[in-house]
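Biologist: Could you bring up the model, please? I would like to talk through the ligand site, and then a pocket.
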Amino acid sequence: MCGIIGYVGDSEALPVLVEGIRLLSYRGYDSAGVAIVQAAGLIVAKDKGRIDELAPTWDRRVLAGTTGIGHTRWATHGRPNRVNAHPQSDASGRVAVVHNGVLENDIALREGLERDHGVTFVSETDTEIVAHLVALAPRQDAVSVGVRILSLCEGRFALAILRHGRPGEILAVRRGSPLVVGVGRGETLLASDVRALAGRADRVVELEENEFAVLTREGVTIYGADGARKVREPVAYVYDESKLGKDGFPHWTLKEIHEQPERLRDLVAVRFDPVHKRTRLDEIAVSDADLAAIERVDLVACGTASYAALYGARAIEAFAGVPARVVAASEYDASPAVLGRQTLVVAVSQSGETADVLAALDVASKGGARTIGVLNVRSSRIAKTVEGFIDIHAGPEVGVASTKVYTGMLLSLFALAVKLAEVRGRGPSPLERLLPALRALPDQVERAVGAGADLKDVVRDVQRAEHMLYLGRGPDHATALEGALKMKELSYIHAEGYAAGEMKHGPIALVSPEVPTAAIIGYGEHRTRMQGSVREVRAREGTVIAIAAEDDADIAKLANRVIRVGTTDPWLAPILHVIPLQLLAYEVAKRRGCDVDQPRNLAKSVTVQ
Ligand code: M6R
């Protein structure tokens, strides 16, 4: 977690660091800070809060200087407050450190520094340890410091270090957390994500595992953990996402909800060949013959991606008849898995940087499984770890709560399920039957997005609730979970999603007139059973908001309110059904005055386990 930015060059560092922190805020935003090298020493400004609140309080004249480091934090060690914010310094203030990741031997290092060197710690962070370790050897050159830090510190981390007396120098260290160096004209930059270098660097080079680098105005020199110099030239870098804007929408989240029809239109065109009626997934790097030999599929993911994966597992079983399960990536090492070449492990992730998913992939490859990704960021670590991946093609998602990537994941996993069916089946592809529904889907999504204004009454019903229930069945069990997560994340209303049939086994005790229930109705047998669940809730004086197809005449007699969407194939319906739930969560959050794009306590990309 956390974002690191560094600058050394001819310009004032502060504005570059502030902009970098802003661009990296998706990695956490509970506090932020900068450190700048000046002739008299290092000067630090930091506090709890978001960069847009903090930056105006930082005086450019006081924080003048052309070498500096910056940080945006998602708390792991210690509460989000000024003391625990980065940069962390040693007692003399001659060293400043920013850090992303976790030191795993922090207790031993901390106790050693207290016992052997009389160090008194002021923060609860593990980062402060590094500042004290560096300060113990003030005359060491940067290469010796880099070697020493990598040999003393265990865990997964990225560090940027400034030292007094080394005005034009930043030391960057990487083990497990990403760091990329950008080279521009008369300046060199460092960042956790290449996106933060947009507009300044024209060449970039990524630090690899167990490497450190010394950045100066003239460029970068990279070293291995033993201090041996590595020759790796920066490569050309062009990034036009710096042109990204909200296009008049008040929030990124709303803009991204509105982008869905277009993104899905592109994805349908890319994935489904209407002429040959076959699914195109050429990038996954597993041959059709190998795919046909797959005996089981494990999908590993977190949060919203895990709900998409739940849908994916059901679709794979339904279309291809291959046993498939979804495992929370953080539990994969604790879930006995049958691995080997006949197991396909599918990592589903927007950012491609989620540490739990990377750890699950490690288990998968050690067990000899085939690995693929369903990813939205081509340059991500997961993209580099898996054998091949399905690109979600959603474009950058800035809102912390996932919206357009969720529907992109559903359609991508649908494509994988159909592909598995094609390579294993002898008959025609299921696409023969599904193509008309696929073609119609983006327009139906567009209508559902456009119907946001009709939600006013429902928003009023929900906005003062403290608790909510979401019920769905079959392919829409995932929709219930995702709808509830969106409501929780955006509006802070406590919301739980359930497979509707589970209600009677306990959660029904929660039903009351004050607890609205969103019921996703579905088709066929699912529809009949969902009607039963709606009746059960109404019989206990619960209020039901149904999400149902436009031609479902019965539901209006059962539910208190009905949100209508188009009629499609049951396996494509979750893509349609989630749209009003996204809009509802967004509108309710807005009414409740919540920070829609950056909800409290969250981060867009969770890079700690
Ligand atoms: O980048 P990833 O898709 O791997 O992230 C997984 C989860 O952290 C993410 O989906 C999270 O649940 C979002 N806040 C959902 O809106």
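Biologist: How far is a polar side-chain atom of Glu 489 from a nitrogen atom of the ligand?
Modeller: Bearing in mind that this is a predicted model, the separation between that side-chain atom of Glu 489 and the ligand nitrogen is 2.4 Å. On its own the ligand has 410 Å² of accessible area, of which the protein covers 91%.

Biologist: And which atoms lie 3.1 Å and 3.2 Å from an oxygen atom of the ligand?
Modeller: At 3.1 Å from a ligand oxygen there is a polar side-chain atom of Lys 486, whereas for Thr 304 the atom concerned belongs to the backbone and is 3.2 Å from an oxygen of the ligand.

Biologist: Which helix gives the most to the shell around the ligand?
Modeller: That is H8, with three residues, and both H8 (303–320) and H14 (477–491) supply at least two. The shell is made up of seven polar, four nonpolar and two charged residues, and among those that come nearest to the ligand are Ser 349, Gln 350 and Glu 489.

Biologist: Switching topic, what is the volume of the second largest pocket?
Modeller: Its volume is about 660 Å³, and of the 31 residues that line this pocket, Asp 193, Val 194, Val 377, Ser 379 and Ser 380 are the closest to its centre.

Biologist: What about the lining, by class and by element?
Modeller: The lining of the second largest pocket has ten charged, nine polar and twelve nonpolar residues. Strand S11 (203–206) and helix H10 (381–385) each contribute at least two residues to that lining, with S11 providing the largest share, three residues.

Methods:
Residues are numbered from 1 along each chain as its sequence is written. This is a predicted model: local features need pLDDT of at least 70, side-chain atom pairs count only at pLDDT 80 or more; totals for chains, interfaces and linings use all residues. Side-chain values use heavy atoms; hydrogens and water are left out. On a 1 Å grid over the protein atoms alone, a cavity is a set of points where a 1.4 Å probe fits but cannot get out, and a pocket is an open set with protein on both sides within 12 Å along at least five of seven lines; lining residues have an atom within 4 Å of a point. Grid points are joined across faces, edges and corners, and a volume is the space filled by probe spheres set on the points. Helices (H or I, at least four residues) and strands (E, at least two) are DSSP runs, numbered from the N terminus. Ala, Val, Leu, Ile, Met, Phe, Trp, Tyr, Cys and Pro count as nonpolar, Asp, Glu, Lys and Arg as charged, and the others, Gly among them, as polar. A residue is near a molecule or strand if one of its heavy atoms lies within 4 Å of it. A polar contact is a pair of N or O atoms within 3.5 Å; within protein, one must be able to donate a hydrogen and the other to accept it, and residues adjacent in sequence count only if both atoms are side-chain atoms. Accessible areas come from the Shrake-Rupley method with a 1.4 Å probe; for residues, only the protein chains shown count as cover.
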